[in-house]
Structures are given as structure tokens and as C-alpha cells.
Amino acid sequence: MNDGGHARGEVRGSSTFATDEPGGDTTAGMNPLRGDAAHALLAADVGGTHARMGLLAVNASPQAHDATLSVLAYQVYPCRDYTDLASIVRRFCDEHAVKPRRFALACAGYLHEGRVLNSNLQWPIEPVALKRELGMDDVSVLNDFVALAHAMPHLQADSVMSLHRPSRQVARGPVVVIGPGTGLGVAVRLPGTPPQVLQTEAGHIQLAARTSRELEVLADLAPSGTHLPYDHALSGPGLLRIYQAMCRIEDKPASLHAPADVVAAAVANADPCAVETLQLFCGWLGSFTGDMAMLYGATGGIYLAGGFLARMFGLLEASGFVARFLDKGVMRPFLQTVPVYVVDHAQLGVIGAASWLHERPDNS
């Protein structure tokens, strides 16, 4: 049972956040372009399916680290429709008649020898080549979850749902962002001026079973002695894996073939295996979130950033998530002081990339 209650978080920001995943080129969160658009920051959040592009203005002097960001233009493009990222950037700039000089690109993977390594991307991404092709002064790449962590101060209250409210207020410390998506991303934002963000590989921690049902599913998913990371279960593909394992255990046909279908069936209470899948998923996520809170001393809060989490918030709220989050023995009193939120993060990668670009020590 959730003792946190359903409430909107108290956070600030001047950006508008889209809530729906687009099916084609989509414009959202638009403000009228101002005269200073030519000096704004261009940012993108690129994944295997969509490239999210945004033009953002900084509402402060370049030296101010508590600046707010305004989204002047925002658009989403299906990656499969374009031969390279440069084509998308050119189209966005042409459509909005701007020539930005600086570009921050958030994407999964990491930069190695001048190229972003990520098997899910539609095409190679090479920052130096992009800078040359686009005629820009600065093209910089950062990890997508580092971008999400940089976006946290710019959240709007109506894009945040409270899953666990703290029993008492404590000094604000590190913020942890956890995102079940294609994989399981985790980043940590440390307080300070400027803030520091740690990129982690916490999603590769060994998945631990606690209940007898979890042991059954774990045994089905991995042979004895095999390393099985949390992201094998706590992700979109992981949700489908749990469902398929449940069907095998129950000797029932797996009639659902996409994570979104499993979530929809569970929300509608239309498939017993889907319902139990979501219960297992939420329990595992609660345990993992509690571990991250203890590991990083996350008194600044835990933010769960995942589109499908926002869509299943009612189910998550009614699940065993909070009970598992708090059930850490002698650490329970500490965890009672850690707030947990669910955020709809459609534009957050773009916001965070722009914030990172502005906050960089070599910003000019």
C-alpha cells in the first residue's frame, strides 16, 4: 500500500512538457520565437526511434547557475525517415528560420574515438563531423541520463507526480534519476555550484529475488550461475520478458507481444499474467529504488523518468512499490525522508542538454 499519496511535486521551471509519444513529425511546447533566437541554445535528445529537437533561451546572464530555460521551439522527428542527424538539424533550423551556433546532443551510449557507441541508433553520430557539416561553433555530446539529471531543476510542477512523500524535511542532498526504458538508466545530481552529475551503470547490478514468485521468474529468465542485471527486468523489454516468463510458468500462451500491451492489459485487469507481471515489476522497482536512495544518500529525491511509468501511475501507486522501497531494515527511518516522484520526461532530455551546455565551465 502506498503511504505517500498522490500529489503534484513542488518544483519550478518555465518549460512546457509534452506528454504523448508522437507517431510522426510533431511540434509541441512552442513559444513565439523572440528576437534573440539566433543566440539561443540548440539541443537534441536522440534515441533509436525519435530525435527530439529544441531551441531554448537562457533567462539569466551566462554566469548565473540558477537560470531558467524557455523553450522557444520543440519538435519530434522519426529517425527512420532521415538519412542522418544533420538532415534533421537542418530541417528544424530551416523550419524555424534560425542559425544557432551551439548544439548539445543527448543520447544513450558513450563517445569513443569521436563516435557515439550505441547499437540502437539509426545512423552513426560523430560530433566533429556534425560541427563541420552544420557550420556551428560547438557540437557537444552527453549521455541521455546525464541530461535528465541536469533537467531536474527545470521541472514544472504539473509534470511531476508524488509517489512517496517524506515523513519530515531534511537538508536537500543528492538527486537520483532512474529511468526504465530500452534499458535501465541511472544518474546522480550532486548539489553545488555548478552542480555535478555522475553517470552510472547501476542498471547492470545483479537482479535479486526476494519472494518465491520472483525466484521462479528469475530461474526462468537465467540459468543458474548466470549474471542477470536489473535492466533485464526493469525496462520496457524487461517487462515483456517477465510477462513471457509468467506465461511459461503458468503454462499459458503469451498473447501480448509489446510492453505497452502488457501495461494496458494490466491496467484494464484483462490478463492475469499481465497483472502479476506489473506487480512483480513494481516490487522489483521499489527495491532497486530503495537501494539507489541508500547508496547515494538521495535526500534531494528520487525521480522515476519513464513514459510508460507515467501512464501506469495509478497501478504503480496501488502496488507494493513503496512498501518495498521502505523495507530496508534499520535504514527505514532514512528512507522515510526521501521523496520519490514520477516524471513525464518527453522534453526533459532536450531541457537537460541545454542546461548542461549553459552550465559548462567553458561556457561563453
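Biologist: How many bridges join strand β6 to β9, and are the two strands parallel or antiparallel?

Modeller: In this predicted model, β6 (residues 102-107) and β9 run parallel and are joined by six bridges. One place to look is Arg102, which stands opposite Asp138 in β9.

Biologist: What should I keep in mind about the side chains of a strand?

Modeller: In a regular strand they alternate between the two faces of the sheet. For another strand here, take β10 (residues 160-164), where five of five residues are buried.

Biologist: Which strand pairs with β10, and in what sense?

Modeller: Strand β15 (residues 340-343) pairs with β10 in the antiparallel sense, over four bridges. His164 has Val340 as its bridge partner in β15.

Biologist: Now helices. Why do residues three or four places apart point the same way in an α-helix?

Modeller: An α-helix has 3.6 residues a turn, so residues at that spacing point the same way. In helix α2 (residues 127-134), the buried residues are Pro127, Ala129, Leu130 and Leu134. Viewed down the axis of α2, these buried residues fall within an arc of 160°, so they line one face of the helix. Val128 and Arg132, on the other side of α2, are exposed.

Biologist: What covers the buried residues of α2?

Modeller: The cover includes α1 (85-95), β6, β7 (110-112) and β9. Just after α2 comes Gly135, with a positive phi of about 65°.

Biologist: How many disulfides does the structure hold?

Modeller: A disulfide is a covalent bond between the sulfur atoms of two cysteines. This structure holds zero disulfides. As for individual cysteines, Cys79 is buried at a relative accessible area of 0%, and Cys93 is buried at 9%.

Biologist: What does the whole chain look like in secondary structure and burial?

Modeller: Its secondary structure comes to twelve helices and 15 strands. Of the 364 residues, 55% count as buried. The chain exposes about 15,400 Å², with carbon and sulfur atoms supplying 52% of that area. Among contacts with a separation of 6 or more, 74% are between residues 24 or more positions apart.

Biologist: Where does pLDDT stay under 50?

Modeller: That is the case over residues 1-23, for which the model has 78 contacts beyond four places in sequence. For the chain, the mean pLDDT is 84, and 86% of the residues reach 70 or more.

Definitions and conventions. Residues numbered from 1 in each chain as written. Predicted model: local features only at pLDDT ≥ 70, side-chain atom pairs only at ≥ 80, totals over all residues. Heavy atoms only, no water. Buried < 20%, exposed > 50% of the residue type's maximum accessible area, 1.4 Å probe, protein only. Pairing = 2+ DSSP bridges. Contact = heavy atoms within 4.5 Å. Areas by Shrake-Rupley, 256 points an atom, 1.4 Å probe, with all protein chains shown as cover. Disulfide = S-S within 2.5 Å. pLDDT = per-residue confidence, 0-100. Arc of directions from axis to C-beta.
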